[in-house]
Amino acid sequence: MTVLLRTRVTAIGPEVADLAEGGVVILFADGSPPELAEVSVLHKTEQGPSDGAPAKGASITLGPVAAVITAVGSSAWSKVLEMGHVVISFNGATEAERPGEICASQVDPQALVAALKTGAIITIAA
């Protein structure tokens, strides 16, 4: 397995749980503007990101929650490379609705909310 991105959660915005209950997680690298931090999972990269974007079928884990990537928007990985930002939608969609979005298989929303805590590891691997 090749790790494309491994990052550690450093802070959870106050509105993250509401979004996660709907299957959406927004990642932003540490140092994001305060208005974005409210809805974001802030993180510090430990490995990667790789030059190449993940393909459909790659895995994504947030702590104990695991999913399979089902679609990658056209600019999603370039935003990860540039600013550590991506929207992850756990909706199982086979086409990303927005260019900056990564779609993944559906997960239990309560488990997703519980997994999003400071210190959790997020990994995208092929």
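What is the relative accessible area of Glu46, and which class does that value give?

Author: The relative accessible area of Glu46 is 39%, and the residue is therefore partly exposed. On this scale buried means under 20%, exposed means over 50%, and partly exposed lies in between, using a 1.4 Å probe and protein chains only. The model is predicted, with local features requiring pLDDT of at least 70 and side-chain atom pairs pLDDT 80 or more, while totals for chains, interfaces and linings use all residues. Residues are numbered from 1 along each chain as its sequence is written, and side-chain values use heavy atoms, with hydrogens and water left out.

Glu46 takes part in salt bridges, meaning a side-chain nitrogen of Lys or Arg within 4 Å of a carboxyl oxygen of Asp or Glu. One partner is Arg8, where the closest N and O atoms are 2.6 Å apart. Arg8 is in strand E1 and Glu46 in strand E3, so this pair ties together parts 38 residues apart in sequence. Helices (H or I, at least four residues) and strands (E, at least two) are DSSP runs numbered from the N terminus. Another partner is Arg6, with its closest N and O atoms 3.1 Å from those of Glu46. Arg6 also lies in E1, so the pair of Arg6 and Glu46 ties together parts 40 residues apart in sequence.

The whole structure holds 3 salt bridges. One of them joins Arg98 to Glu101, at 3.2 Å from N to O. In that pair Arg98 is partly exposed at 40%, whereas Glu101 is buried at 2% relative accessibility.

His43 is buried, at 2% relative accessibility. Beyond its neighbours within four places in sequence, His43 has contacts that include Arg8, Val9, Leu27 and Gly84, where contact means heavy atoms within 4.5 Å. UniProt lists His43 under "modified residue: Phosphohistidine" in an unreviewed entry; positions are given in the numbering used here, feature names are shortened, and annotations may be inferred rather than shown by experiment.

Each of the two strands has a further partner. E1 (residues 3–12) pairs with E8 (residues 121–125) in the antiparallel sense over 5 bridges, and there Leu5 stands opposite Ile124. E3 (residues 41–47) runs parallel to E2 (residues 24–29), joined by 3 bridges, and Leu27 stands opposite Val41. These strands belong to a closed barrel of 8 strands in the order E1-E3-E2-E6-E7-E5-E4-E8, with mixed pairing.

Val41 is also among the residues with the most contacts inside the largest nonpolar core, which has 29 residues. Such a core is a set of buried Ala, Val, Leu, Ile, Met, Phe, Trp, Tyr and Cys residues joined through side-chain atoms within 4.5 Å. A second, separate core of 5 residues includes Ile26, Ala37, Leu42 and Val87. Leu42 is in contact with Ser32, a residue of the loop between E2 and H2 that is buried at 14% relative accessibility.

Terms used:
Two strands pair if DSSP finds at least two bridges between them.
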